[in-house]
Amino acid sequence: KNHIPKTNMKFIRGLQLVCVPLLLTTFATRSDASFISSLSPSSSSSSSTSKCEETSPNAADTCGEGNDNAVVDIKTVLKTTKPDQYNQVHPIETKDLIDASITQLDDVVSNVLDDGVKSGLKMAQQKCPEFVNSKEHKLMFLRSELFDVQPAAERYAKYWNKRIELFGEEKACKPILSLNDALQDDESALNVGFIKLLDGVTDDRGRALMWIDPANLDSTKYSRESMVRAVWYIMHAALESETAQQKGLVFLVYIGNNPALSVFDRPLISMVAESISYLIPLRAGAIHLFPTPLVFSVLLNIIKYVLGSRLRNTLKVTGGSNDKILDTLNKLGVTTDVLPIEVGGKVDHDHDAWLAKRRKEGK
């Protein structure tokens with residue numbers, strides 16, 4: 001029987017000093033139910049050109065469909081969606097909501113954002129307009145921000161600044177960041193397996209599962225920029241799923257391999273955090289940190305409650321026995337059927353084989 005090992009005290013000190021402050025600020029998501037009330041009237045109206053009255057709990061199923069004059073109020077749509085196990089809500093996407101939001105996204109980009117913020121986006125719109133201006137591409141950013149147009153437009157613009165910085169103009173403008181092209185010099189960073197997509201499995205809501213093992217970090221094998229490109233690649237692979245775009249990603253941070261304190265590279269973690277929080281069009285559904293000693297689990301859970309509901313709902317710190325950890329994950333929709341065999345799950349994920357398969361497919 002597989003068991004999740006105990007962590008050592010040296011690692012705990014490193015985790016406290018380096019990772020925890022970033023986790024507290026990075027993965028607090030805009031997706032929880034409390035975010036609805038934070039939408040100002042101007043914010044909610046900026047996501048729509050028409051208004052859909054609040055009626056029954058099923059109103060959003062038909063709101064905007066077949067009615068050219070219907071207006072979609074994002075606050076109304078979100079209220080009709082029942083919060084899930086992480087207290088997150090998911091908009092019911094209607095044609096009116098999507099069309100109105102994209103129109104207003106374009107308006108914010110053209111008339112609100114400063115030229116300096118959108119310099120990369122403007123360049124990309126000239127070099128690869130069919131890709132950059134496509135409905136599918138813009139929709140990813142709207143989904144990541146729950147159709148709140150202003151932050152979606154800012155993420156859209158900043159994303160392109162960073163994409164060009166990381167990959168160069170020519171490679172950045174290709175619709176697919178492929179292993180054989182954009183990532184051809186990043187094989188070492190990809191192969192270490194710091195972040196892996198558990199391909200073919202999701203949680204019970206359809207969220208993609210990202211497996212993170214800090215023990216695999218080894219800065220002697222890659223540059224920081226190379227690792228960030230590798231992270232971008234893995235995240236974009238997850239976002240090939242439309243359900244993952246809509247519902248988000250779950251980050252499973254496994255610290256059972258007792259990573260050495262030396263692997264924690266503050267600048268690298270900050271660079272990765274920036275990409276996940278503000279650039280790549282993804283929603284952080286949850287982050288599970290396990291296994292953790294009981295004292296540390298209690299301490300961090302207290303801190304979570306002090307800092308508010310968003311962090312409390314997003315960050316899950318789990319310790320105790322192997323069975324307890326698996327039971328906790330199971331109750332939150334991450335069952336043994338989708339977990340790696342090294343922690344008692346049933347998934348035998350071969351990261352190298354996954355990369356080879358995608359390389360063969362031109363991805």
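**Basis.** I note that this is a predicted model, in which local features need pLDDT of at least 70 and side-chain atom pairs count only at pLDDT 80 or more, while totals for chains, interfaces and linings use all residues. Residues are numbered from 1 along each chain as its sequence is written, and side-chain values use heavy atoms, with hydrogens and water left out.

**Whole chain.** I found 18 helices and five strands in the protein chain; helices (H or I, at least four residues) and strands (E, at least two) are DSSP runs, numbered from the N terminus. Of its 363 residues, 56% count as buried. Buried means under 20% relative accessible area, exposed over 50% and partly exposed in between, with a 1.4 Å probe and protein chains only. I also looked at contacts (heavy atoms within 4.5 Å). Among those between residues at least 6 apart in sequence, 77% join residues at least 24 apart.

**α6 and α10.** I took helix α6 (residues 95-111) and helix α10 (residues 149-172), whose axes come within 9 Å and cross at roughly 60 degrees. That makes α6 oblique to α10. Axes are lines fitted to C-alpha atoms, for helices over the stretch in contact, and angles run from 0 to 180 degrees between N-to-C directions. Angles under 35 degrees count as roughly parallel, over 145 as roughly antiparallel, 65 to 115 as roughly perpendicular and the rest as oblique. On the α6 side I listed Ser 101, Gln 104, Leu 105, Val 108 and Val 109, which meet Val 149, Gln 150, Ala 152, Ala 153 and Tyr 156 of α10. The residues of this contact divide into seven nonpolar, three polar and no charged. Here Ala, Val, Leu, Ile, Met, Phe, Trp, Tyr, Cys and Pro count as nonpolar, Asp, Glu, Lys and Arg as charged, and the others, Gly among them, as polar.

**α6 and α9.** The axes of α6 and helix α9 (residues 135-144) come within 10 Å and cross at roughly 90 degrees. The two helices are therefore roughly perpendicular to each other. From α6, Ile 98, Asp 99, Ser 101, Ile 102, Leu 105 and Asp 106 meet Lys 135, Lys 138, Leu 139 and Leu 142 in α9. I recorded five nonpolar, one polar and four charged residues for this contact.

**α10 and α14.** The axes of α10 and helix α14 (residues 266-279) come within 9 Å and cross at roughly 145 degrees. Arg 155, Lys 158, Tyr 159 and Lys 162 in α10 meet Glu 274, Ile 276, Ser 277, Tyr 278 and Leu 279 in α14. I recorded four nonpolar, one polar and four charged residues here.

**Arg 155.** I then examined Arg 155, which lies in α10 and counts as buried at 6% relative accessibility.

**α12.** Ser 226 is placed in helix α12 (residues 224-238) and counts as buried at 5% relative accessibility. Leaving aside neighbours within four places in sequence, I found Ser 226 in contact with Asp 185, Asp 186 and Ala 189. Glu 225 is also found in α12 but counts as partly exposed, at 40% relative accessibility. With neighbours within four places set aside, Glu 225 is in contact with Leu 166 and Met 271.
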